[in-house]
Amino acid sequence: MIKAHCKHYKYEKRIVLFSDGDSEIDWRDYKDILEMLSESDIQLMFNAVHLENPKSELEKTNYDQWRTLVSQCPGSHIFDLDDYYEVITSPRPPNVRPTPAFNGFLVIGSVPIAISMYLRIRKVEFPKSHKYSLLGHQTHAVIADRKYWTKPRDENEEKVEVLREELEKVYKYGMTNVKVSKDEEEFAKLKTKKGMYLVKCIPSESIPRHYLYQHPYSCIGSGNNSVEAAKAVSALAHALYETQMIALVRYVSKDDSLPEIGILKPYFEPNISILQYFNIPYADDINDYPRTEKITRQPKPNPLIDELMDELYIPDYSTDEVYNPLLWRLTDSIHQRALDPNAPISEIPSHLAAPFNPPKNLESLGSRLNEFYHIRKVESRNAKVVQEEEIVPIEELLKVPVLSQPAEVTQISYDHPLEDFTAMISNKQTDLVETAVDQICKMMIRLINDNKAETVIQCLPVVRKVAAEEEEAYRYNTMLYSLKSTRSWPIIKHATLGLITCNESVDPAVKTITQDIADNFMNEEEMELDRNDYDIDDLLDMME
């Protein structure tokens, strides 16, 4: 049957045989079977039960014959099912076919070098599930169908179905929706060409370690002249290493894709010298958090810390032996369910969960550290008090009228100014931005006179942002001048970002407010209004 199917094609032909060795076997055709396997280039994979500890003389005799046959058949193997089952059920790294993530050229000036990039580390994804319908106990694929409807503006308007082709993209700018058509988006699209282009070489210490936020790629020479390309990559790697430099490159993975900025670093192993590519962030992607607290060094070493490090130390630890227990559990459960639909969910083996279990003495040691450093849990002041629910008879619930929609906020209240301000500027039916900014500015002056500086400090950054975006900077700046004349100004001075300048808002009323004027406003203790900046009559009208 194998000969008829494979014919003269170059298949890897194997016969996989499972046996418990407890049956009578006629071994007189032993040589004919061996000759047939050898001529047809067929490998024999024999799997035996109790191979090392046969239960009877018959098993021992059969296993000895199988060993002889397998040893004389090229490429054949014999396995003990007990050992083999332990091997196949143990986690092991998957065999991944090396697939290049990029095939192209590294361009140095006008010299192109053919390279291929391979991802060194890739996070293994969990198996994806598919949605099926079990109607009539038959599985059917579920196909998603999307429909788009317009949102009614009021109760009298009906929603209208819209085709996908009729949809347009919009971007938010403040409270305004900016529409961009497909033609405009295509026109503004950056035209790029696939490749990696060397920009310059910079000192290796100029790139902080935390900028290398993605997995490394191995860059090797490839193409038709792979030997020459590999020599060029190796020469560049050694040159960078000897000069303590790294190469800054512009990387485009495919035509018309967004360019990325990255670096090439030398990487060496025995008889290997290649380059490693790392993506690095743009300036927009970097978040620098200023450190405000002062850290004082402890004058004497703490023996508890030494004890903690000894407790956490794991001898002979290697990440090559730590596997994802949840991934193993899901994969094994799928395999079990494939054989038995009623099989239970697999349990996580203890040796897989062990690396994630904290040491036994860690809890007691942590309590001692808390006592030594006087660490206490601080309860939140704004924590909600959970009250016991009142049990109401169903008859009383039936008498409760249906709740109506919350009323529209049109006035800034004294008790909740920030919440009311947010609700007013978020109103999609009526434009209340101008009214909201006017009312919140007057309310903050009232609050500061009533010694409610904490509430004003919470409102200032939100109001400033909205005023700058919605051309209400004039009202905000006028309110700041009023706050500066109060006794609470030293308290709220550091909570505000200062006057809104002409660079931050297109409000024509602040076109003369430069950054120097804003800096002087924050630095000087008292400052009179400049008549060239504001009109006094308008100022009095605003504050009435």
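Helices α13 and α15 are roughly parallel to each other, because their axes cross at roughly 5 degrees and angles under 35 degrees count as roughly parallel. The model is predicted: local features need pLDDT of at least 70, side-chain atom pairs count only at pLDDT 80 or more, and totals for chains, interfaces and linings use all residues. Residues are numbered from 1 along each chain as its sequence is written, and side-chain values use heavy atoms, with hydrogens and water left out.

**Chain overview**

- The protein chain contains 18 helices and 16 strands, taken as DSSP runs numbered from the N terminus (helices H or I, at least four residues; strands E, at least two).
- Of its 544 residues, 28% count as buried, that is, under 20% relative accessible area with a 1.4 Å probe, protein chains only.
- Among contacts (heavy atoms within 4.5 Å) with a separation of 6 or more, 63% link residues 24 or more positions apart.

**Helices α13 and α15**

- The axes of α13 (residues 433–449) and α15 (residues 473–484) come within 10 Å; axes are lines fitted to C-alpha atoms, for helices over the stretch in contact, and angles run from 0 to 180 degrees between N-to-C directions.
- From α13, Glu434, Val437, Asp438, Cys441, Met444, Ile445 and Ile448 meet Arg475, Tyr476, Met479, Ser482 and Leu483 of α15.
- By class, this contact of α13 with α15 comprises eight nonpolar, one polar and three charged residues (nonpolar: Ala, Val, Leu, Ile, Met, Phe, Trp, Tyr, Cys and Pro; charged: Asp, Glu, Lys and Arg; polar: the others, Gly among them).

**The sheet β1-β2-β3**

- Three strands form an open sheet in the order β1-β2-β3, with parallel pairing; two strands pair if DSSP finds at least two bridges between them.
- The edge strands, each pairing on one side only, are β1 (13–19) and β3 (77–80).
- Neighbouring strands of this sheet are turned by 15 degrees against each other on average, direction ignored.
- Seven bridges join β1 to β2 (residues 42–48), and valine 16 has methionine 45 in β2 as its bridge partner.
- Four bridges connect β2 and β3 in the parallel sense, with isoleucine 78 in β3 as the bridge partner of phenylalanine 46.
- The β-α-β crossover from β2 through α3 to β3 is right-handed: with the strands pointing away from the viewer, the path from the first strand over the helix to the second runs clockwise.

- Helix α4 (residues 81–88) lies across β1, β2 and β3 and runs at about 85 degrees to β3.

Key: Angles under 35 degrees count as roughly parallel, over 145 as roughly antiparallel, 65 to 115 as roughly perpendicular and the rest as oblique. Buried means under 20% relative accessible area, exposed over 50%, partly exposed in between (1.4 Å probe, protein chains only).
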